[in-house]
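Here is a short report on one protein model. Please keep the sequence and the 3D view at hand while reading.

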Amino acid sequence: MAQFRLTTSVALIVFNRPETTERVFAEIAKAKPPKLLVVGDGARLDRPGEAERVAAVHRVVAGVDWDCEVSTSYSETNLGCKVRVSTGLDWVFEQVAEAVILEGLAHVLPGVPVVSEEAGVTAELAGDAYLLVDPLDVGFVLSRLNSCP
């Protein structure tokens with residue numbers, strides 16, 4: 001059986017959880033997407049050790065070992081979940097017309113895959129249940145982030 005290779009870009013939203021990022025990254029590596037777009041927020045200055053955890057996440061992402069174009073948008077300062085996800089999704093969809101979005105929204109909608117309505121990969125990746133987002137309607141995505149700290 002041929003090894004599965006994803007043809008759609010993947011957007012990975014990260015912050016300060018290197019262990020979670022390692023698990024998600026290991027799954028991304030299995031699919032070997034041609035393009036990986038990584039959005040990350042900056043550390044909060046009042047949280048001891050957070051800068052080190054954010055740096056550890058960045059090191060995980062730097063471990064791409066397949067043929068892949070990697071683009072990153074790391075914030076130098078902490079913008080907060082709502083603002084960083086919003087600005088990050090804006091950046092992602094300035095780069096590509098379609099992407100599978102991972103990690104950030106998983107905390108708001110656990111167990112529900114989130115894909116762009118333009119991605120055309122819903123059956124391939126998500127199965128029967130998924131959240132389809134309009135990449136041009138960041139307001140919709142933001143409305144789902146009210147539970148973010």
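Where is the place of glutamate 98? Glutamate 98 sits in the loop between H3 and strand S4 (100-102).

## Basis of the model

This is a predicted model: local features need pLDDT of at least 70, side-chain atom pairs count only at pLDDT 80 or more, and totals for chains, interfaces and linings use all residues. Residues are numbered from 1 along each chain as its sequence is written, and side-chain values use heavy atoms, with hydrogens and water left out.

## Overall fold

The protein has five helices and six strands. Helices (H or I, at least four residues) and strands (E, at least two) are DSSP runs, numbered from the N terminus. Along the sequence the pattern reads β-α-β-α-β-α-β-β-α-β-α.

Take contacts (heavy atoms within 4.5 Å) between residues at least 6 apart in sequence: 71% of them join residues at least 24 apart. Of the 149 residues, 47% are buried. Buried means under 20% relative accessible area, exposed over 50%, and partly exposed in between (1.4 Å probe, protein chains only).

## Nonpolar cores

A nonpolar core is a set of buried Ala, Val, Leu, Ile, Met, Phe, Trp, Tyr and Cys residues joined through side-chain atoms within 4.5 Å. The largest one has 17 residues. Val10, Leu12, Ile28, Leu36 and Trp66 have the most contacts inside it. Strand S1 (10-14), helix H1 (18-31), strand S2 (35-40) and helix H2 (50-61) each supply at least two residues of this core. H1 gives the largest share, five residues.

Helix H3 (residues 81-95) has 15 residues. From its first C-alpha to its last it reaches 21 Å, close to the 21 Å expected at 1.5 Å a residue. That expected span is 1.5 Å times one less than the number of residues. The buried residues of H3 are Arg84, Val85, Ser86, Gly88, Leu89, Trp91, Val92 and Phe93.

Back to glutamate 98. Its relative accessibility is 28%, so glutamate 98 counts as partly exposed. Glutamate 98 and valine 10 are 88 residues apart in sequence, yet 8.6 Å apart in space, C-alpha to C-alpha.

## Cysteines

Cysteine 68 counts as buried because its relative accessibility is 16%. Cysteine 81, at 24%, counts as partly exposed.
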